[in-house]
Amino acid sequence: MFLILLTMLIFGVIHSLLAERGVKQAFLDYFGVYAYHGFYRLLYNILAALMLLPALWFLIRNPGHIIWQVEGPLAFVLLLVQVVGLVGLVISLIQIDLGQFTGLSQLMAYLRHQPLPLPLEPLQTGGLYSLVRHPLYLFSLLLIWPQQTMTESLLVFNIAATLYFVLGSRLEERRLLAVFGQTYADYQNRVAWLIPLPFRR
């Protein structure tokens, strides 16, 4: 369990550092502007996926004791919540420019010698993004927590992932404020952060 917590901590620190302006500037200075806009986003996502693998490996190899195991109608309810999480996650991804999100659009533009950077994606405020400002994180939580069988290692992983979502969303909002300014500040005042608040004005 300690190894899972440690690997998730390393993942969170490195992933957050790679999103910081200083690291991006260092990459830009070394590889050049065109390569930065063509490769950085994709490399960022690939490194994030690779850094998660050790935690998943430890999770599978050493699940630990079972903390709870749900059967019967309640297990079906938990499964329904996970289905809602999966569907919401897919819809949230569809609402954004998935090509730019993954970095594949930037890579294709680079290989085709097209102008970079690509046009800035508009701020998403409709659909599920009118429910909460971070639907990707919300629906990811709905996927990982309603487990029919919760083990010690899975609990540690889920806690670490939740903490990363909380801290990561704050760092992301700081970046979005720098990019969109007052438009994003108004969006923050209008829409709930991570937990839906239907009566918020």
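**Entry 1: what I am looking at**

I note that this is a predicted model, in which local features need pLDDT of at least 70 and side-chain atom pairs count only at pLDDT 80 or more, while totals for chains, interfaces and linings use all residues. Residues are numbered from 1 along each chain as its sequence is written, and side-chain values use heavy atoms, with hydrogens and water left out.

**Entry 2: the whole chain**

I found nine helices and two strands in the protein chain, in the sequence order α-α-α-β-α-α-α-α-β-α-α. Helices (H or I, at least four residues) and strands (E, at least two) are DSSP runs, numbered from the N terminus. The C-alpha trace spans about 55 × 45 × 25 Å along its principal axes. Of the 201 residues, 36% count as buried, and here buried means under 20% relative accessible area, exposed means over 50%, and partly exposed is in between, with a 1.4 Å probe and protein chains only. The chain exposes about 12200 Å², of which carbon and sulfur atoms supply 72%; accessible areas come from the Shrake-Rupley method with a 1.4 Å probe, and for residues only the protein chains shown count as cover.

**Entry 3: helix α7 and S140**

I then turned to α7, which covers residues 135-144, and I noted that it is mostly covered, with eight of its ten residues buried. The buried residues are P135, L136, Y137, L138, F139, S140, L141 and I144, and they pack against α4 (73-95), α5 (98-102) and α8 (152-180).

Why does S140 count as buried? Its relative accessible area is 16%, and the limit for buried is under 20%. A polar atom of the S140 side chain lies 2.7 Å from the backbone oxygen of L136. Such a polar contact is a pair of N or O atoms within 3.5 Å; within protein, one must be able to donate a hydrogen and the other to accept it, and residues adjacent in sequence count only if both atoms are side-chain atoms. For background I wrote down that an α-helix has 3.6 residues a turn, so residues three or four places apart point the same way. Leaving out residues up to four places away in sequence, S140 touches L89 and F165.

**Entry 4: the nonpolar cores**

A nonpolar core is a set of buried Ala, Val, Leu, Ile, Met, Phe, Trp, Tyr and Cys residues joined through side-chain atoms within 4.5 Å. In the largest one, which has 31 residues, I4, M8 and F157 touch the most other members. The elements that give two or more residues to this core are α1 (2-18), α3 (33-61), α7, α8 and α9 (182-190), and α8 gives the most, with eight residues. I also looked up I4, which touches A55, F58, L59, S153, V156 and F157 when residues up to four places away in sequence are not counted. A second, separate core has six residues, including L18, L28, Y36 and Y44.

T151 lies in strand β2, residues 149-151, and counts as buried at 12% relative accessibility. The T151 side chain reaches the backbone nitrogen of L154 at 3.2 Å. Apart from neighbours within four places in sequence, T151 is in contact with P63, G64, H65, I66 and I67.

P63, in turn, is found in the loop between α3 and β1 (66-69), and at 35% relative accessibility P63 counts as partly exposed. Although P63 and S153 are 90 residues apart along the chain, their C-alpha atoms are separated by 5.0 Å.

**Entry 5: the loop between α6 and α7**

Which peptide bond is cis, with omega near 5°? I found that this is the bond from L116 to P117, and P117 is found in the loop between α6 (104-111) and α7. H113 lies in the loop between α6 and α7 as well, and H113 has a positive phi of about 60° although it is not a glycine. For comparison, most residues other than glycine have a negative phi, and most peptide bonds are trans. H113 counts as exposed, at 68% relative accessibility.

Methods
Contact = heavy atoms within 4.5 Å.
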